[in-house]
Each structure stands twice: as structure tokens, then as C-alpha cells.
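Me: I'd like to go through this fold piece by piece. Could you take my questions one at a time and show how you get to each answer?

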Amino acid sequence: MRRNSRARLGVSLLLVAGALGLGATPSTAAAAPSAIPSPSAYALDAAVERQLGAATAGSYLDAKTGKLVVTVTTDRAEEQARAAGATVRRVARSAAQLDAAMDTLEAEAKITGTSWGVDPRTNRIAVEADSSVSARDMARLEAVAERLGGAVDVQRVPGVFHREVLGGGAIYGGGSRCSAAFNVTKGGARYFVTAGHCTNISANWSASSGGPVVGVREGTSFPTNDYGIVRYTDGSSPAGNVDLYNGSTQDISSAANAVVGQAIKKSGSTTKVTSGTVTAVNVTVNYGDGPVYNMVRTTACSAGGDSGGAHFAGSVALGIHSGSSGCSGTSGSAIHQPVTEALSAYGVTVY
């Protein structure tokens, strides 16, 4: 598979999810959030993916049992997965076949306003097309999907994937507002990670509009990825917490890749804390200013202003909020950049 698959500012300002958001719409039908994976389930997911590689078409949490299910296409892979302690399900399409389907979509249907990713529960590529996709482009997308047979499922979603800058508090740079996702450290220095489309805007970041600089950009990556890093330069030693918007915070002590079917929370300065389920991994999102790859799709609600924020489960950091096509009622389509990729790129750790 192609999946690479706490924030406080200064002494007292708690950083929450971002404010340079992407527009809004609900995702396709989603089950109620299931259990949060145990540390052993996260470890098993990572270990099986490393061991099996292309011999697995992905893993997910079973909605009823909460156990990790690993999809396989060969007897050998089934034996290896069972030996590792995983529940196993045989599926028709291999990782190579799913990758080939996504390569075809990339080559023939790379249309602004679309996204696609692997849903191992259905053993298919789940495609979403927002309301900006014209009837002509929709017909082209559906024709490509038709040629790929049952490997691809296409759904229309309302709203539009787009960036939407809002005013208000959080962190400020280049005349725009964003928020930090997680505080991180390297060699005793303190940083925060946020969305790359935020750090593209400015090198200097403040805790208030027009206020003193508290951090300086040290890296940014968007499009293709959507992460960036800012080093604290104001002498502060911020704690490693995420704002829960109820007077309390959630400590973050580790990071992992999200598992399809698991429950997550998103903390954002616009929609505050929302909950959802992971529905697809290895997701490509075709934003108007460029694509991003290896993302994670969830059903959490979000809106313009949430970008850069935290996706997490308990004390485990999962992702940096990138965008969505919005929210309808309690069902959303929040997309996150896996935080493990950003941590690896910058050689930092959560704390």
C-alpha cells in the first residue's frame, strides 16, 4: 500500500485546531464510532503492514468486536497474519490491484473537487466528488470507475473542498489565522506542527493578531503533503495538551497511524471538539491548489477555520487537520495528514 503508509503557545495560550480551513460537506454513510484501538492494536497494525507489505489489502477495526482485522489474498499472508495475532479476512482484490486502480484515477480522473482512498472493509477504492465537479467531469470519473469494475465506488458529496481563511484567535501569520496541532520536541528544543498550507503563508507566527512573534517556521510541505513545523522562539516550554473545549485538556504521549473503523476526535477552533470514525486511508485529495497524498478520511465534523488542528484518540496523536467538504448534522468528512509522517520528516517526537 502507498500509505506512509498539545498544544500550548507561550505560557498560557492553548493552541487548538486550525483556522485556515477547507470548506464543508458530509461524507458518505458511516457507522457509529467504534472503540479506540489499544496500544497493542496500533502496534499490531504497524507490524503486520511491515511484515506483509503488498500481501495485505489493509486492516480495520471490526465494528462489533473492536478487534483488528487484516485483509489478505494468499495462504502465506493468512498464515503470517494469524501467527502475528491478527484476525484475518480473505478478500478478492490485492493491494497491487487497489494501487493500480488509484494510479488509473490519478492518470485519467485527477479532477479538482475529488478524493479517493482505500476502504479495507469493502476492499474497494472509495471516491468522493464534491458539488464543484461538473456533470461532464462526473461522467468522465464514472466512466473510469466503470472500466475498473467493482474496485471503485463513486459517491457525490455536497459542499466544496476549498481553503477558507477566518479571523479570530489562535496563531497568526501573514495576515491569516491557523492553529497548532501538537507540541513536539527535538534535542530539548520545543516546536509545534500544523498544516503545511498554513506554514506556507508566513515564516513568523504570533499568539495574537499583530502580537509579538512566538515561533518561526522551520519547515513546510504543501501540496503533496500538508504539514509544517514552527520552533518556539519566545523562551516558553509549553505543555503537550490538546484543548477539549470543556475546561479540560487531553495529554498527548504517543503517535500512531489511524486504523479504519476506529473512533477519533478532532479539536478545532471553529467546530471545537467533534467525534467521528476513520473511513479510508491512503487518500488522495485534489484541492484546487494541488493534490495531497496518503491522507486519512474520517466522519468528524469540521468547517473553515479548523485547519492545522489535532486529530487524536485518547493520548495518541493521529493527524493534522487538512480540510473537508464540510458537515451535515453530525456527519462530516474531515481529512487529516498522518502526524507520524511529519514527525519522521522533522525528526521530532510528541510529549
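This is a predicted model: local features need pLDDT of at least 70, side-chain atom pairs count only at pLDDT 80 or more; totals for chains, interfaces and linings use all residues.

Me: Let's start with helices H1 and H2: are they roughly parallel or roughly antiparallel?
Reply: H1 covers residues 39-52 and H2 covers residues 75-84, and their axes come within 10 Å of each other. They cross at roughly 150°, and an angle over 145 degrees counts as roughly antiparallel. So the relation between H1 and H2 is roughly antiparallel.

Me: And which residues of H2 make that contact with H1?
Reply: H1 passes H2 in a right-handed crossing. On the H1 side, the contact is made by Leu44, Val48, Gln51 and Leu52. On the H2 side, the residues are Ala77, Gln80, Ala81 and Ala84.

Me: How many charged residues are there in the contact of H1 with H2?
Reply: Sorted by class, the residues of this contact include six nonpolar ones.

Me: Around the axis of H2, what arc do the buried residues cover?
Reply: The buried residues of H2 are Ala77, Glu78, Gln80 and Ala81. They sit on the same side of H2, because the arc they cover around the axis is only 165°.

Me: Which exposed residues does the opposite face of H2 carry?
Reply: The buried residues of H2 have cover that includes H1, strand S5 (68-72) and strand S6 (87-90). The face turned away from that buried side carries exposed residues instead. Those are Asp75, Arg76, Glu79 and Ala83.

Me: What follows H2, and what is its phi?
Reply: The residue after H2 is a glycine, Gly85. Its phi is positive, near 105°.

Me: On to H3 and H4: what is the angle at which they pack?
Reply: H3 runs over residues 95-108 and H4 over residues 135-147, with their axes 10 Å apart. The crossing of H3 and H4 is right-handed, and the two are roughly antiparallel to each other. The packing angle is about 150°.

Me: How many charged residues does the contact of H3 with H4 have?
Reply: H3 brings Thr104, Leu105 and Glu108 to the contact, while H4 brings Arg140, Leu141, Val144 and Arg147. By class, three of the contact residues are nonpolar and one is polar. The charged ones number three.

Me: Which residue follows H6?
Reply: H6 spans residues 339-346, and its buried residues are Val339, Glu341, Ala342, Leu343 and Tyr346. After the helix comes a residue with a positive phi, near 65°. That residue is Gly347.

Me: Which peptide bond is cis, with omega about 0°?
Reply: The proline involved is found in the loop between strand S16 (213-221) and strand S17 (227-232). Omega is about 0° there. The bond is the one that joins Phe222 and Pro223.

Me: Thr224 is not a glycine, so what is its phi?
Reply: Thr224 is found in the loop between S16 and S17. It is partly exposed, with a relative accessible area of 42%. Its phi is positive, about 75°.

Me: Where is Lys272, and what is its phi?
Reply: Lys272 belongs to strand S22, residues 272-287. At 37% relative accessibility, Lys272 counts as partly exposed. Although Lys272 is not a glycine, its phi is positive, about 60°.

Me: Last one: what distance separates the C-alpha atoms of Ala313 and Ala35?
Reply: Ala313 has its place in strand S24, residues 310-313, and is buried, with a relative accessible area of 3%. Leaving aside neighbours within four places in sequence, Ala313 is in contact with Ile36, Tyr42, Gln262, Ala263 and Leu318. Ala313 and Ala35 are 278 residues apart along the chain, and their C-alpha atoms are separated by 9.6 Å.

Note on methods. Residues are numbered from 1 along each chain as its sequence is written. Side-chain values use heavy atoms; hydrogens and water are left out. Axes are lines fitted to C-alpha atoms, for helices over the stretch in contact, and angles run from 0 to 180 degrees between N-to-C directions. Helices (H or I, at least four residues) and strands (E, at least two) are DSSP runs, numbered from the N terminus. Angles under 35 degrees count as roughly parallel, over 145 as roughly antiparallel, 65 to 115 as roughly perpendicular and the rest as oblique. A crossing is left-handed if the near helix is turned anticlockwise from the far one by less than a right angle, and right-handed if clockwise. Contact means heavy atoms within 4.5 Å. Ala, Val, Leu, Ile, Met, Phe, Trp, Tyr, Cys and Pro count as nonpolar, Asp, Glu, Lys and Arg as charged, and the others, Gly among them, as polar. Buried means under 20% relative accessible area, exposed over 50%, partly exposed in between (1.4 Å probe, protein chains only). The arc is that of the directions from the helix axis to the C-beta atoms.
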